[in-house]
Amino acid sequence: MADSVRQNDELECDVLIVGYGGAGAAAAITAHDAGANVIVMEKMAEPGGNTRVSMCSWFNTPPGMEEQAIAHIEALCLGRTDRSVIAAYVEASSKNKEWIESLGATTKVTRLPMVRYPQVTHPSWPNFPGADAMVNHTVPAERDNERVGERFWRLLEGQVAQRNIRILLGTAASELLTNSNGEVVGAVADQNGRQVRINAKRAVVLTTGGFEFNEEMKREYLPVTPFYGIGSPGNTGDGITMAQKLGAQLWHMDVVVGGFGIVTDEAPVPFGISYAGPGFVYVNTHGQRFTNETGWEIHFAWQALSIVDPKQPGFPTIPIYGICDHETFQKGPISLTGAGYGIGGKWSADNSAELAKGWIKRGDTIAELAAQISLDEAALEQTLTRYNDLCTAGADTDFHRSRETLKPLKAPFYAVELWPRIVNTMGGPRRDAEARVLDTKGKPIARLFSAGELGSLWGHLYCGGGNVGEAIAVGRIAGENAAAERPRR
Ligand SMILES: Cc1cc2nc3c(=O)[nH]c(=O)nc-3n(C[C@H](O)[C@H](O)[C@H](O)COP(=O)(O)OP(=O)(O)OC[C@H]3O[C@@H](n4cnc5c(N)ncnc54)[C@H](O)[C@@H]3O)c2cc1C
């Protein structure tokens, strides 16, 4: 039930949830089922956040493999996340499948087959200890052309609606309210230019997502610039700012999942690159290869762009150019548009529309291609000749690309300009195993909880499926604990 605050500009509930994506929905359902009167506020006119545009692959620890899962996540987090937080997540995530099925959906194991080159591995880091415990699931689409994230969102939203939980759309929280004891007692929000106040007798749960669309935070905290978001434009780090004002400690602000993509003036977010065949290389602004193109874990491919050059200000690998040959070009679309905000289904099956629009440049010779993308002709010639020689020799002694992906490039050539592209950020207020937000001394801020990618537990590397899995698992922890707070008098 979505509505506005009409009578007076003040409302009351037991538990206020700020941000209506996957974590907010899970927290709302759980708090409601625990007997709390819940209000959810969402800044955007449409709810769903990143959850709704995601690939909806979520992690479920198989029964009996909890210790392996904890070991795996600890190895990925490099000591930046408390073991107790990881253990609580693993325990809750082992019930993700059961919980989703209890809401009336079917689930299945998924392996994201849609990603081709660079290839996706499952789990993301198979050589790290405990990797076998990372098993991803999804809620399959029910209709032709339905995106899985949308299907998952329909399920969550339907469950919230069935419970008659009050939803305030177009309502952006700007400040958390506290009483003289320092307890969080509600929030102030902007609704269509009017200020509204929502009092929460038990607790507030922050589920405002990341900061993919806050340029200042990205410049400050992320390792490369510019970094284009592809998720919900509502994710501007508001929860971080609000929690910071109450003295929250921040963590994982530099951790980001992403790769690179094609920026256009047509789509609101960049298209990801995903070649259908191995006949491609990446070159930097000097026309040189700089990396093993197929060697990066898909969620961390952006790291290839973080190289600096002592002889040149800025980043020599921003932007880069993806160059493929005709065979790979013909094999299928060089971008798959299964997820992201507002980009679904807009890339042609044979890349012809994008060639006609000039998003893809073509050259019958290396010289012609170099001119099209303003790269040094001699450098590009040298790079592609060297690459072809390495392919013929069957060993990439320059960047150690695997033998089966080494394929000489034959004219004509096709190039796209590629920029860093964020899937999502992880940083935000630090939380404990009970999803309580901690202050700079490690003490819980009274009656303030958080869940989801706002202050996510992923502290260094990330395993695919870990974010949606966390949103719904920790969302339930936060909702349950928020509802269990003693009501203020
Ligand atoms: C294209 C894409 C694909 C992805 N695929 C996967 C995947 O397959 N598996 C996986 O695990 N993860 C995936 N992720 C990441 C994952 O979707 C998210 O990390 C997760 O869904 C976050 O859930 P959340 O509820 O924390 O945040 P969100 O779902 O982003 O919701 C946050 C909500 O808070 C709202 N909000 C923000 N500020 C305010 C405010 N001041 N007041 C009120 N509301 C506010 C936002 O508008 C938004 O609706 C993907 C992300 C993207 C973008």
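**Entry 1: helix α12**

I began with the residues of α12 that count as buried, and I found Leu380, Thr383, Leu384, Tyr387 and Cys391. Around the helix axis these residues cover an arc of only 90 degrees, so they lie on the same side of α12. I note that the model is a predicted one. The general rule I kept in mind is that an α-helix has 3.6 residues a turn, so residues three or four places apart point the same way.

I then looked up the extent of the helix. α12 comprises residues 377–393, 17 residues in total, and reaches 24 Å from its first C-alpha to its last. This is close to the 24 Å expected at 1.5 Å a residue.

Which exposed residues does the face turned away from the buried side carry? I listed Ala378, Asp389, Thr392 and Ala393 there. The buried residues, for their part, pack against β14 (280–283) and α11 (366–372). Glycine 394 follows α12, and its phi is positive, near 80 degrees.

**Entry 2: strand β14 and its partner**

I found four bridges joining β14 to strand β15 (residues 320–325), and the two run antiparallel. Phenylalanine 280 has cysteine 324 of β15 as its bridge partner. In the loop between β14 and β15 I located proline 319. The peptide bond that joins isoleucine 318 to proline 319 is cis, with omega about 0 degrees.

**Entry 3: another cis bond**

I also recorded a cis peptide bond from threonine 225 to proline 226, with omega near -5 degrees. Proline 226 sits in the loop between α7 (215–221) and β10 (228–229).

**Entry 4: an open sheet**

I turned to three strands that form an open sheet in the order β3-β5-β4, with antiparallel pairing. Strands β3 (58–59) and β4 (108–109) stand at the edges with a single partner strand each, so one side of each has no neighbour in the sheet. Two bridges join β3 to β5 (residues 136–138). Within this pairing I looked up tryptophan 58, whose bridge partner in β5 is histidine 137.

Asparagine 145 has phi near 65 degrees and lies in the loop between β5 and α6 (148–162). Histidine 252 has phi near 60 degrees and lies in the loop between β11 (250–251) and β12 (256–262).

Is asparagine 145 buried or exposed? It is exposed, with 8 other C-beta atoms within 10 Å. Histidine 252, by contrast, counts as buried, with 23 C-beta neighbours inside 10 Å. The cut-offs I applied are 20 or more for buried and 12 or fewer for exposed.

**Entry 5: a pair of helices**

Last, I looked at how helix α1 (residues 22–33) meets helix α13 (residues 466–484). Their axes come within 7 Å and cross at roughly 35 degrees. The crossing is right-handed. Among the α1 residues in the contact I noted Gly22, Ala23, Ala26 and Ile29. The α13 residues they meet as a group include Val468, Ile472, Gly475, Arg476 and Glu480.

Conventions. Residues numbered from 1 in each chain as written. Predicted model: local features only at pLDDT ≥ 70, side-chain atom pairs only at ≥ 80, totals over all residues. Pairing = 2+ DSSP bridges. Expected span 1.5 Å × (residues − 1). Arc of directions from axis to C-beta. Contact = placed C-beta atoms within 7 Å. Axes fitted to C-alpha atoms, helices over the stretch in contact; angles between N-to-C directions. Left-handed = near helix turned anticlockwise from the far one by under 90°.
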